[in-house]
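Here are some notes to read alongside the model.

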Amino acid sequence: MNRTLYVGNLPWSTTEADLTQLFASYATVLSARIIQDRETGRSRGFGFVEVPEDTDIELLVGQLHGSDYNGRQLVVNEAQPRV
């Protein structure tokens, strides 16, 4: 089973390719998705990155949480399961 990271406070212009590239230098990225508004199609400013289960999530979060990305301070943590 893979693990999913929540990535918040993304610049509106961030693409899924940008998100993949950002995380690829720290871990193997299985998928990345930016959540978009259903009505406008615009980014909602957050997304999810899926990494292999054996990835050291604590280290990854420690390296990226609070880091600057295009003028925005990222919020990165392990995603909580949907209820």
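Which residue in β3 is the bridge partner of I34?

1. The model is predicted. In it, I34 has G47 of β3 as its bridge partner. Strand β2 covers residues 31–36 and strand β3 residues 43–51; the two run antiparallel and are joined by five bridges. Together they make a hairpin, with six residues between the strands. In that turn, G41 has a positive phi of about 80°.

2. There are three aromatic pairs in the structure. One of them is Y6 with F46, a tilted pair at 5.8 Å centre to centre and 35° between the planes. Y6 belongs to strand β1 and F46 to strand β3, so this pair links parts of the chain that are 40 residues apart.

3. Is F46 buried or exposed? With a relative accessible area of 18%, F46 is buried, because the limit for buried is under 20%. Y6, at 25%, is partly exposed. F46 also pairs with F48, edge-to-face, at 6.1 Å centre to centre and 85° between the planes. F48 is buried as well. Y6, F46 and F48 make up one aromatic cluster.

4. The largest pocket holds about 220 Å³ of space. Its lining includes Y6 and F48 from the cluster, and also R33, E78 and R82. By class, the lining has four nonpolar, three polar and four charged residues. Strand β1 (residues 3–8) gives the most to this lining, with three residues.

5. At W12, the charged end of R42 sits over the ring, 4.9 Å from its centre. R72 lies over the face of W12 too, at 6.0 Å from the ring centre.

Definitions and conventions: Residues are numbered from 1 along each chain as its sequence is written. This is a predicted model: local features need pLDDT of at least 70, side-chain atom pairs count only at pLDDT 80 or more; totals for chains, interfaces and linings use all residues. Side-chain values use heavy atoms; hydrogens and water are left out. Two strands pair if DSSP finds at least two bridges between them. Helices (H or I, at least four residues) and strands (E, at least two) are DSSP runs, numbered from the N terminus. On a 1 Å grid over the protein atoms alone, a cavity is a set of points where a 1.4 Å probe fits but cannot get out, and a pocket is an open set with protein on both sides within 12 Å along at least five of seven lines; lining residues have an atom within 4 Å of a point. Grid points are joined across faces, edges and corners, and a volume is the space filled by probe spheres set on the points. Ala, Val, Leu, Ile, Met, Phe, Trp, Tyr, Cys and Pro count as nonpolar, Asp, Glu, Lys and Arg as charged, and the others, Gly among them, as polar. Rings of Phe, Tyr and Trp (its six-membered ring) pair if their centres lie within 6.5 Å; planes under 30 degrees apart count as stacked, over 60 as edge-to-face and the rest as tilted. Buried means under 20% relative accessible area, exposed over 50%, partly exposed in between (1.4 Å probe, protein chains only). A charge sits over a ring if NZ of Lys or CZ of Arg is within 6 Å of the ring centre and within 35 degrees of the ring normal.
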